[in-house]
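Have the model open while you read.

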Amino acid sequence: MTTSGATRTSSFASRWFSRIPRRVREGGAGIAALFYPPQCAACGIPVPWGTVLCAACEGRLPQGTGPRCERCGDVLDDEQVDLCLRCGTRLRGFDRAISLGPYDGGWRTLIALFKFDREKAVGRWLGLRLADAAGASFRELACVTHVPMTRAERKARGGNPSQELARVVARRLRIPERALLEKTRTTRPQRSLPARERAVNLRGAFRGVRSGTGAVLLVDDLLTTGATADECGRALKSAGYGAIYVLTVVRA
Ligand SMILES: [Zn+2]
Ligand SMILES: [Zn+2]
């Protein structure tokens, strides 16, 4: 019998969170919270506040290995080239994209807890790791921004995960988080579409709402084909911004 990733993830989540009263989960650390120390999202052992994985499980988070595309970070089949087929054959809307790891193993669990179960503590933990990666890779950023959603999409999702991550990154790096884009129409979920339809689904869906200059860091949870990053990057460049760097938790 096979178990899907989603089923496994929700059992992790329910095991972890069903033992914590709702008022504690949603209201932060009250007196009751003292009696329910957080547990590692993967193995269940107690962990310090503000932590979502124990040191052993964090050490087991998969790392991307092998040659990577210099621009988008995709895995390269051919070690002799610097760019993947997508970046080598068409103009991209961003200058460079990096991620913390592949969409696999513990990363997949963390994304599900944050994005679908809306666990704020996981978002904060991921945001701090993104800030460390940004600080090590990108210099002289003018600001941090996020991928916008329409009002209907925000309501359906219970917030904007990209914006929540961007806020943590900006605060940690001590640079402003600015809403530089708006989404002009609701689009179909990218994950429901084959790669060739993703760019079409998003074409013209983002518009700059604030012009400016300098390098921008666009933060999101997941980069797949990069169609979202392309569209947002093009809108930011049209609004005057220079280098567009993309930072995501995972690369699928
Ligand atoms: Zn653990
Ligand atoms: Zn590439």
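1. Start with Gly 101, whose bridge partner in strand 6 is Val 250. Strand 1 and strand 6 run parallel, joined by six bridges. Two strands pair here if DSSP finds at least two bridges between them. Helices (H or I, at least four residues) and strands (E, at least two) are DSSP runs, numbered from the N terminus.

2. A word on the source: this is a predicted model, in which local features need pLDDT of at least 70 and side-chain atom pairs count only at pLDDT 80 or more, while totals for chains, interfaces and linings use all residues. Residues are numbered from 1 along each chain as its sequence is written, and chains are lettered from A and ligands numbered from 1 in the order in which they are written.

3. On its other pairing, strand 6 (residues 244-251) runs parallel to strand 5 (residues 215-223), with seven bridges between them. Look for Asp 220, which has Thr 248 of strand 6 as its bridge partner, and for Leu 223, which stands opposite Arg 251 of strand 6. Strand 6 is mostly covered, with eight of its eight residues buried. Buried means that 20 or more other C-beta atoms lie within 10 Å of the residue's own; 12 or fewer makes it exposed, and anything in between partly exposed, with C-beta atoms placed from the backbone.

4. Now put the sheet together: it is open, has four strands in the order 1-6-5-2, and pairs them in parallel. Strand 1 (96-102) and strand 2 (141-146) stand at the edges with a single partner strand each, so one side of each has no neighbour in the sheet. Neighbouring strands of this sheet are turned by 20° against each other on average, direction ignored.

5. What lies across strand 2 and strand 5? That is helix 8, which runs at about 130° to strand 5. Angles run from 0 to 180 degrees between N-to-C directions, and axes are lines fitted to C-alpha atoms, for helices over the stretch in contact.

6. Helix 8 also meets helix 6: their axes come within 8 Å and cross at roughly 55°. That makes helix 6 oblique to helix 8, the label left over once under 35 degrees is roughly parallel, over 145 roughly antiparallel and 65 to 115 roughly perpendicular. Among the residues making the contact are Gly 123, Leu 130 and Ala 134 of helix 6 and Leu 165 and Val 169 of helix 8. Two residues are in contact if their C-beta atoms, placed from the backbone, lie within 7 Å.

7. Two arginines deserve a look at the backbone. Arg 118 has a phi near 60°, a positive value in a residue other than glycine, and is found in the loop between helix 5 (105-116) and helix 6 (120-137). Arg 174 also has a phi near 60°, in the loop between helix 8 (161-173) and strand 3 (181-183). Most residues other than glycine have a negative phi. Are these two buried or exposed? Arg 118 is partly exposed, because 15 other C-beta atoms lie within 10 Å, while Arg 174 counts as exposed, with 7 C-beta neighbours inside 10 Å.

8. For the overall picture, the chain has 10 helices and six strands, and buried residues make up 35% of its 252 residues.
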